[in-house]
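Please keep the sequence and the structure in view while reading.

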Number of protein chains: 2
Amino acid sequence: MSDKKEQKAITARAKDYSEWYQDVVDQAELAEHSPVRGCMVIKPYGYAIWELMQKDLDARFKAKGVQNAYFPLFIPENFLKREAQHVEGFAPEVAVVTHAGGQKLDEPLVVRPTSETIMYDVFSRWVQSYRDLPLLINQWANIVRWEMRTRLFLRTTEFLWQEGHTVHASEEEAEDFTKQILDVYRDFAESVMATPVIPGVKSESEKFAGAVRTYCIEAMMGDGKALQAGTSHMLGQNFAKAFGVKFQDETGTEQYGWQTSWGVSTRLIGGLIMAHGDDKGLVLPPKLAPYQVVIIPIGTTPEELEAVQSKAQGLADGLIAEGVRVKIDTRDLRPGPKFFEWEKKGVPVRLEIGPKDMANGTVVAVRRDTAEKQNLSEADLIDAIKDMLEQIHVNLYDKALAFRQAHTVKVADYDSFKAQLEGNFILAGWCGSADCEATVKAETKATIRCLPLDPLDQSSGGKCIYCGQEATDQVVFAKAY
Amino acid sequence: MSDKKEQKAITARAKDYSEWYQDVVDQAELAEHSPVRGCMVIKPYGYAIWELMQKDLDARFKAKGVQNAYFPLFIPENFLKREAQHVEGFAPEVAVVTHAGGQKLDEPLVVRPTSETIMYDVFSRWVQSYRDLPLLINQWANIVRWEMRTRLFLRTTEFLWQEGHTVHASEEEAEDFTKQILDVYRDFAESVMATPVIPGVKSESEKFAGAVRTYCIEAMMGDGKALQAGTSHMLGQNFAKAFGVKFQDETGTEQYGWQTSWGVSTRLIGGLIMAHGDDKGLVLPPKLAPYQVVIIPIGTTPEELEAVQSKAQGLADGLIAEGVRVKIDTRDLRPGPKFFEWEKKGVPVRLEIGPKDMANGTVVAVRRDTAEKQNLSEADLIDAIKDMLEQIHVNLYDKALAFRQAHTVKVADYDSFKAQLEGNFILAGWCGSADCEATVKAETKATIRCLPLDPLDQSSGGKCIYCGQEATDQVVFAKAY
C-alpha cells in the first residue's frame, strides 16, 4: 500500500526459491504474516483471487446439485474422538477453547480442523429415509490446524476453504460422486488455474484420517516439488457408523449411509504463484486475474494526459462491457514504476496508450507471460484482447505441462531415485508395503504423491524401488509442500 | 429434509409470537440449534437467503471503492485491552483459546468478537502517507460472542457478518463515509428487504464500545418490537491512538487517522422473518427469495403429468432466461402438501398448471403475500411475473410501513409511555441524561432505539418523558430484540 515496496527487487528463483516465493507474496501484495503466530492476513489483491476461485468452484458444485450451508466453528471435544483414525490424525493439531463468557467450560470446544464430526452428528437427524438421499452439502469456512512451521497460503494455522460433505444410499454412488468431484477439481485446475495435475489415489499412510480412500490431484511447482491441490475422500461407512447416519431403504431396512468429503483451500493461491510465477513476480492465468488488462495512459503535458486518459476510458468501457476485467492506472507516477508494479502483480495484459498511438488509432499491448509487445488496432481491440487472454491461458498451461514432463523421470533403482529426486517427479514401482514407503520418506523426504488413475507411462510397475520385490503399482514420488 | 415436518402446524402469531418465530425458522428449514451451546446450523434454504444478501451488499460496498480482505480469527488477548471502552464492552463475552497443538499457549487468544483490534494493528503498518488513504476494507467472516440466552439468527454465540473498516485523512471524510454506509444499509433494507427503517444515532449508553458515535437503522418487527438492523460507527481517533494508525499529511506532519467500522449480520434473516412473516409461515421479499416462483404441475394420469411437466419446463426456461429464480416441484406428492410447504417457505409466487390450463393457454398464479389467485396468459407470462414480483415487493414494504405507522405513538407523560409501550414504538422527549435512560430501561425494559436523523414528527422534543426537564431530543423508545 505504500510506495516503498516498488524499489525492492524480487530474489531470483534460481538463487533461493523459498525467498523468491516470499518476495512474490509480499510484493504482489497477496498476504502477510499476522501478529498471531501462523495466521495470515489475506490482502485485498490476494483475496480478490480467492473470490474468483470461489465463484467458479461454487457454480460447479451447484451444477452438481450441491447446496451451501453453515455449521458451527466449534466442535465438542468428544465428537472428535468418535472416529478412531480421525481423532488420531487431528487431535495433535487442534486449538482448544477452554473458557468463554468469563467461565471455564464444562467440556472444552475444539476449533474445527475439518467438519466431518460436527456435520455428521447433524446429518444423523437430517437423514431418515432413502428419499432424503443423496444429501449434498458444501460449506465455505475458516479452518484451524496448529502448524509448527508455516508458510503463507501453503501452510497456515488458519486458512479458508470449502468442504463438501455428502451422504449416499450406496457404495457405488458415493464412490462415483467422489470421482465426479475429483474431476471438477481436475478441470478447475486445468481450465481455470492453467495448471496440469495428476489425478490419483493416496497410499494408506497418506490418506485422510478416517477415509477409506483419498483421491487427489497433484501439481508440479516451479521447483519440481509437488503440491496436493485438492482431495476427495471416499469415507465409506466409517463416520456413518460413528455418528449414526442411517436411513430406511426402499424395502424398509435400516442401513448406514455412504459418505464423501472433499475440499480445496487458499493454498491453491500458493499453487498458482509457484506454477506460473517468474523472476519478475506473479503471473496470473487470465481467469483468476482480478484485473486481466491494465491500461497505462502516457503523456507529457496535462493536455496530452487528459486526451489519452479519456481515450483509455473509452477503450476500458468497451472491454468491461464484454466482461473483461480492466484497470486504468491514472496515478501520478511515471510509466516505468507502473509497468514494474503490474508485472509483479501478474496482470496478463498491459496496454500502453500515448499521443502517437492515439494518432495512429493503435494501442501497444504487452503480454505478461511472454513479454511480447505488439501494436493492436483500436478498431478490433476487444476481439484481439479476448484472443490474447485465451492464448495466455493456453501458453501457461502448455509451459507448465512441458515443465512437468521435462521434470518427470522414471527410475529403476534406488540410487538413481536418490540422485534424481531433487526437482523432479519420480515414477517408480512400489510393492505396496507401508514399511518401504516409510523408509524412503525417512531417508529422502520423498513421499508417494499418488497412485495415478491413468498410467503416466505405458510400462507396468516392475520392481519396488526400495525392496526390489514385485511392484503392485507404478507411483509418483516427490518432495512436496 | 424429512417428510414429517409437513404435518406440523405453525403456532399463530397472536397466540405466542416467540413460538411462532421458532416454528417458522424450523418449518421453513432456515436453521436449527446445534449440539454446541448457542451455535446454529444454517440450513441450505436459510443460507441461500444469506448468499443473496451477501451478493447484493458486496456489490454496493465495491461500488464505494471498498475492497474485501481477510484477517485472523484469533486476537492476542492484550490487543483487546488497548482501547479501554472496547475491552469493557467485549471482554465479558469472548471465547478464549488457551491450548493449541497439545500445549498451553503463552498468551491466550480470543476468538474475534469483532475485528477492530486485529485489523488496526495491521493498518498501522499499511498506512504511512496520506496517499494510502482512504483505506476501505471489508471482511465477510464468522464472529463469536458468548451469549447466555440465544435465539436462532437473532442472538447466537456464533454468527456470520460483514465488517467494514476504514481509515480517512480527516474527521469530515470519516463522518461522511459513516453516513454513506448507513445510507447503503437503509437503501438495502428498503429496496431489497422491503423493510422500512428509521436511520438514527444511538445514545451514549447504546453506542458501540470504543466509538465516538454509532449510527443505526432500526426496523419494527411484527410484534411491534425493534430490531437493530445495521450499525455504522464513527470511531474518531480512539482506535487510531490505541494502535498507532498514523499518516504523514501533505505538509509532512504526522497525524492520527480517522476511522469507521460498520456491519450487518445473519440477524437480518431474523428481521426478514419477523418483518413480513404471517401465520402460514415465511413471506420472502422477491429480491431475497431463493426461488421467486415455484411451479406445481398438476395431473391425474402419467400422460397428463408428463405433458404439464414438459410445459412447466418450457415456462421455467423462459423465466430463468430473464433472470427469474424458478423451481419446478415434480416430487411424487399431492399438490396440497406442496402448496403448504412452499407457502411455509415464503416463495413469492406459486404457479399451478393442469391439463385445463394447458388447453386454455393459461397458468394459475397465486401470490404469497395476498393469497390472490389469477389466471395468467402463457403468452405474456414473463412480463406478468416480473410485474407481480415488483408489486409484491412494494406491497410488503407498504404493509410494513403502515404497520409501523399504526404502531408508533407519541406520548407526553410517563404513565402513557408505560401503558402504550407494549407493541409500539414510542416517540418521546428525552433530556439527554443517561440516568433517565437507565431508569426507564430498568423500569420498563424499553431502550432508546435511536435519535432519528430525520424528525418523525414535526413537533419539537418538549419535556423529558422521565424527569420532565426540557428535552434535548425527540427519541424512539421500544423494547428490542
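The sections below treat confidence, the relation of the chains, their interface, the core and selected elements.

## Model and confidence

The structure is a predicted model. Its overall scores are ipTM 0.96 and pTM 0.97. Chain A has an average pLDDT of 96, and 98% of the residues score at least 70.

## Relation between the chains

Two copies of a chain are related by a rotation about an axis and a shift along it. Here, chain A is superposed on chain B by a rotation of 180° with 0.0 Å of shift along the axis, at an RMSD of 0.0 Å. This is the relation of a two-fold axis. Among the residues of chain A, A:Val97 comes closest to the rotation axis, its C-alpha being at 2.1 Å.

## The interface

At the interface, 44 residues of chain A are in contact with 44 residues of chain B. Strand E5 (residues 95–100) of chain A gives the most to the side of chain A that touches chain B, contributing six residues. By class, that side of chain A has 27 nonpolar, eleven polar and six charged residues. Because 100% of the interface residues of chain A are also interface residues in chain B, the copies meet through the same surface.

Five bridges join E5(A) to strand E5 (residues 95–100) of chain B, and the two strands run antiparallel. Within this pairing, A:Val97 stands opposite B:Val97.

## The nonpolar core

The largest nonpolar core has 290 residues. Which residues have the most contacts inside it? They are A:Val97 and B:Val97.

The surroundings of B:Val97 include residues of each chain. Leaving aside neighbours within four places in sequence, B:Val97 is in contact with A:Ala95, A:Val96, A:Val97 and A:Val111 from chain A. From chain B, its contacts are B:Phe74, B:Leu105, B:Pro108, B:Leu109 and B:Val111.

## Strand E7 of chain B

Strand E7 (residues 135–144) of chain B has seven of its ten residues buried, so it is largely enclosed by the rest of the structure. One of its partners is strand E3 (residues 67–68) of chain B, which pairs with E7(B) in the parallel sense over two bridges. In E7(B), B:Asn138 stands opposite B:Asn68.

Another partner is strand E8 (residues 158–168) of chain B, which pairs with E7(B) in the antiparallel sense over ten bridges. B:Trp140 stands opposite B:Gln162 in E8(B).

Strand E10 (residues 213–220) of chain B is mostly covered, with seven of its eight residues buried. Strand E9 (residues 197–201) of chain B pairs with E10(B) in the antiparallel sense over five bridges, and B:Val197 has B:Ala219 in E10(B) as its bridge partner. Eight bridges join E10(B) to E11(B), and these strands also run antiparallel. The bridge partner of B:Arg213 in E11(B) is B:Met234. E10(B) and E11(B) form a hairpin with five residues between them, and B:Gly224 in the turn has a positive phi of about 85°.

B:Thr231 is found in strand E11 (residues 226–236) of chain B. Is B:Thr231 buried or exposed? It counts as buried because it has 23 C-beta neighbours inside 10 Å, where 20 or more are required. Beyond four places in sequence, B:Thr231 is in contact with B:Phe208, B:Thr214, B:Tyr215, B:Cys216, B:Trp262 and B:Gly263. B:Thr231 and B:Arg145 are 86 residues apart in sequence, and their C-alpha atoms are 17 Å apart in space.

## Helix H1 of chain A

In helix H1 (residues 17–27) of chain A, the residues A:Trp20, A:Tyr21, A:Asp23, A:Val24 and A:Val25 are buried. An α-helix has 3.6 residues a turn, so residues three or four places apart point the same way. The buried residues of H1(A) pack against strand E1 (31–33) and helix H8 (267–276) of chain A. After H1(A) comes A:Glu29, whose phi is positive, near 55°.

Notes
Residues numbered from 1 in each chain as written. Chains lettered and ligands numbered in written order. Predicted model: local features only at pLDDT ≥ 70, side-chain atom pairs only at ≥ 80, totals over all residues. Core = buried A, V, L, I, M, F, W, Y, C linked by C-beta atoms within 7 Å. Buried ≥ 20, exposed ≤ 12 C-beta atoms within 10 Å, placed from the backbone. Contact = placed C-beta atoms within 7 Å. Helix = DSSP H or I, 4+ residues; strand = E, 2+ residues; numbered from the N terminus. Pairing = 2+ DSSP bridges. Least-squares fit on C-alpha atoms with pLDDT ≥ 70 in both. Nonpolar A, V, L, I, M, F, W, Y, C, P; charged D, E, K, R; others polar. pLDDT = per-residue confidence, 0-100.
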